[in-house]
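These are my notebook entries on a structure that I am looking at for the first time. I write down what I looked up and what I found.

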Amino acid sequence: MKNYLQLNASLLYWILIAPFTGQFFKIAPIFRQMVFIGVRAAPMVALTAFSVGVTLAMQAAHSLKQLGAEMYIPDLVMVTLLREMGPVLIAVIVIGRSGSAVAAELGTMKVSEEIEALEVMAINPVQYLVVPRFLAMLVMLPALTIFGNYIGVFGGWAVCTSALDFNTAGYVLRALQSADTWDLYSGMIKSGVFAWIVITIACNAGLHVEGGAEGVGQATTASVVQALLAMLVTNAVLTGIFFFAA
Amino acid sequence: MNSNEAPIIEVIDLVHQFGDRTVLNDISFNVHRGETLVIMGGSGCGKSTLLRHMIGSMKPTSGSVKIFGEEIATMKEHEIGRVRQRFGMLFQSGALLASLTVGENVALPLFQHTDKSPDEIEAIVKQKLEMVGLTGFEDLKPAEISGGMKKRVGLARALALDPELLFSDEPTSGLDPIMTAVVDQLTLKLARGSHMTAVVVSHDMTSAFRIATRMIMLGHGSIVAHGTPEEIRTSTNPEVHQFINGEADGPIPLNLSQDEHEHHQCVKPRPFALARFRFHHKIS
């Protein structure tokens, strides 16, 4: 925990304070990490979001049909995706795919003396390795969430127009009517907080690996487990705050 | 070499303990500009630990380590960075960044610490790689070259900023005899020509006697012998004699049972503890 807080403090120093003392972080590595962390996760996010959209629509149809309220299916798909399923499920994908990769990469660098070599070359590992990954994640997880929301709503549309009595215009209008901008914003706030949690836990696990290949494996597993738990607990807390605040 | 000038490295009464085990015991020595100091000694006797104190990645239990006249043992992280920009370090494994190419590895300190243009940096990288006999290897990844080549790239990277001081951890282990000679000649050329100071941890006695202006032999965590190569070669100390001639019989204990080990070694092993300790602290 002490290491984790130190990492966060050091991260904030290198992003917020160091640039004013002339130590700018480089921009190119951020884009490289955005491709690794975000762009390459897009197909998996799309597939997951689509299947969630389809499932949500079918489940909603099953329940709402009994009440004669099928017209509310788009509302349910839209709001569930924007507020909950979008941010949470896409964070799960990114934890499994990108968080674990970051932990394993940094862990391998630690055990092969690369981190020590950076330090001896007077290059701060947090500035050189963690800052680009952190900023990339902070941009890409919300971006992936918006992308996933679109695909999920598209999945709902696929069910509604092919199996139920909806036309495209009816579905889109109903979906847009049901959601207000706060639904989107609350999802985005969650997504940003998740991004912070996921990447700092992954980097912290990687940078503190001890003991060879076995250590790297353990750190990777620990990073996934910790990030998942922290993300789900934070989600419940944030939902609580938004529910009572809105 | 001018011994009136302030020493580049000044180690005074350095002690390092891991729990109740004393790994370095009362080590003191100076290194002056232009000298090449070779630190030798059996496995697990604190050579690499000593080196790690000199580069500021380990803090001593007591004593002082001064590099360029500045106390590195009590420095804050950003101050150590300033000192570190003035020296280069060659790691035993090379410690190249696997995600970068050979050329990018050598260019890394130049990009981070200088305002040179990419063209100038490319020219320096070419020149440094040529020095270690690796012309044309810029675009390969570390995974695509051999262990010996990695070490030479590590040397090129350590020399990228033209350091005043070079630390090398086993620079010639894993190199063929010809490449060993090339690396030795390079060290000599830099030491004699550019007055670079070098501290080399080595097991390789041929190479050590070729480059050293002074030698230290460590044993039981303290200095067993200290002198010029000639003094070491003619030393009457039986441990030194055994070590430099590579003899199996002699005062340096081999294949000890644990009881005997307690009496002879600086690192007193408990079951598994020694292996774990060596692993974490990379004591060679």
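Which residue in β8(B) stands opposite Thr36(B)? I found Ala198(B) in that place.

Before going on, I note that this is a predicted model, in which local features need pLDDT of at least 70 and side-chain atom pairs count only at pLDDT 80 or more, while totals for chains, interfaces and linings use all residues. Residues are numbered from 1 along each chain as its sequence is written, and chains are lettered from A and ligands numbered from 1 in the order in which they are written.

**Entry: the open sheet of chain B**

I looked up the strands that pair with one another (two strands pair if DSSP finds at least two bridges between them). Strand β3, residues 36-41 of chain B, and strand β8, residues 197-201 of chain B, run parallel and share four bridges. Both belong to an open sheet of six strands with mixed pairing, in the order β6-β7-β8-β3-β9-β10 of chain B. At its edges I find β6 (87-90) and β10 (222-227) of chain B, each of which pairs on one side only. From one strand to the next the twist averages 15°, where axes are lines fitted to C-alpha atoms, for helices over the stretch in contact, and angles run from 0 to 180 degrees between N-to-C directions. I took helices (H or I, at least four residues) and strands (E, at least two) as DSSP runs, numbered from the N terminus.

**Entry: a hairpin**

Strands β1 (residues 9-18) and β2 (residues 21-31) of chain B run antiparallel and are joined by seven bridges. Val11(B) has Phe29(B) in β2(B) as its bridge partner. Two residues lie between the strands of this hairpin, and Gly19(B) in the turn has a positive phi of about 60°.

**Entry: helix α5 of chain B**

Helix α5, residues 147-158 of chain B, lies across β6 and β7 (165-169) of chain B and runs at about 175° to β6(B). Is this helix largely enclosed or exposed? I count it as largely enclosed by the rest of the structure, because 10 of its 12 residues are buried; a residue is buried if 20 or more other C-beta atoms, placed from the backbone, lie within 10 Å of its own. Among the buried residues of α5(B) are Lys150(B), Lys151(B), Arg152(B) and Arg157(B). The elements that cover the buried residues of α5(B) include α3 (102-113), α4 (118-131) and α6 (177-193) of chain B, along with β6 and β7.

**Entry: Val240 of chain B**

Val240(B) sits in helix α9, residues 238-245 of chain B, and counts as buried because it has 24 C-beta neighbours inside 10 Å. Leaving aside residues up to four places away in sequence, it touches Met217(B), Val224(B), Ala225(B), Ile232(B) and Ser235(B), where contact means C-beta atoms, placed from the backbone, within 7 Å. Met217(B) is 23 residues from Val240(B) along the chain, and their C-alpha atoms are separated by 7.4 Å.

Chain A has nine helices and zero strands, and 45% of its 246 residues count as buried. Its C-alpha atoms fill a box of roughly 70 × 40 × 30 Å along the principal axes.

Note on methods. Two residues are in contact if their C-beta atoms, placed from the backbone, lie within 7 Å.
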